[in-house]
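Q: Could you walk me through how to read burial and ring contacts in a model like this?

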Amino acid sequence: MIEVQRIDDGNPLGFEVVVREGKGETRHRVTMSEAGSRQLTAGKHTPERCIEAAFRFLLDREPKESILARFDISVISRYFPEFEQELPGYLSAGQEDSRSGKRGAS
């Protein structure tokens with residue numbers, strides 16, 4: 001399960017993300033500019049939805065323990081160049097699954 005909570009309404013926006021899988025959880029602090037949110041979601045999704053989709057993308061590629069504890073969303077593309085191209089699929093898929101704690105299919 002991925003929980004996203006906005007903790008800073010400045011620019012950049014700040015979020016606390018808790019990822020629970022199996023018996024453990026990890027916590028992350030993520031920042032994202034408002035312009036970055038609009039660019040990544042084409043203005044169709046909330047920043048929280050964008051962060052949640054980004055974490056589903058990451059979790060499909062690495063264990064939760066490997067995700068940085070603090071980062072700006074823009075760094076994901078440095079590690080995974082396909083991020084911006086694949087994110088729309090994560091934004092549109094799995095909304096029901098994310099509410100129930102299951103990861104959606106991409």
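Q: Is Y90 buried or exposed, and what is its relative accessible area?
A: Buried means under 20% relative accessible area, exposed over 50%, and partly exposed in between, with a 1.4 Å probe and protein chains only. Y90 has 3%, so it counts as buried. One caveat: this is a predicted model, where local features need pLDDT of at least 70, side-chain atom pairs count only at pLDDT 80 or more, and totals for chains, interfaces and linings use all residues. Residues are numbered from 1 along each chain as its sequence is written, and side-chain values use heavy atoms, leaving out hydrogens and water.

Q: How many aromatic pairs does the structure hold?
A: Rings of Phe, Tyr and Trp (its six-membered ring) pair if their centres lie within 6.5 Å; planes under 30 degrees apart are stacked, over 60 edge-to-face, the rest tilted. There are four such pairs here. F55 and F71 make a tilted one, with 5.9 Å between centres and 35° between planes.

Q: Which parts does that pair tie together?
A: Helices (H or I, at least four residues) and strands (E, at least two) are DSSP runs, numbered from the N terminus. F55 sits in helix α2 and F71 in strand β4 (residues 70-72), so the pair joins parts 16 residues apart in sequence.

Q: What about F57 and Y90?
A: Their ring centres are 5.7 Å apart with planes at 80°, so that pair is edge-to-face. F57 is in helix α2 and Y90 in helix α4 (residues 83-92), so parts 33 residues apart are tied together.
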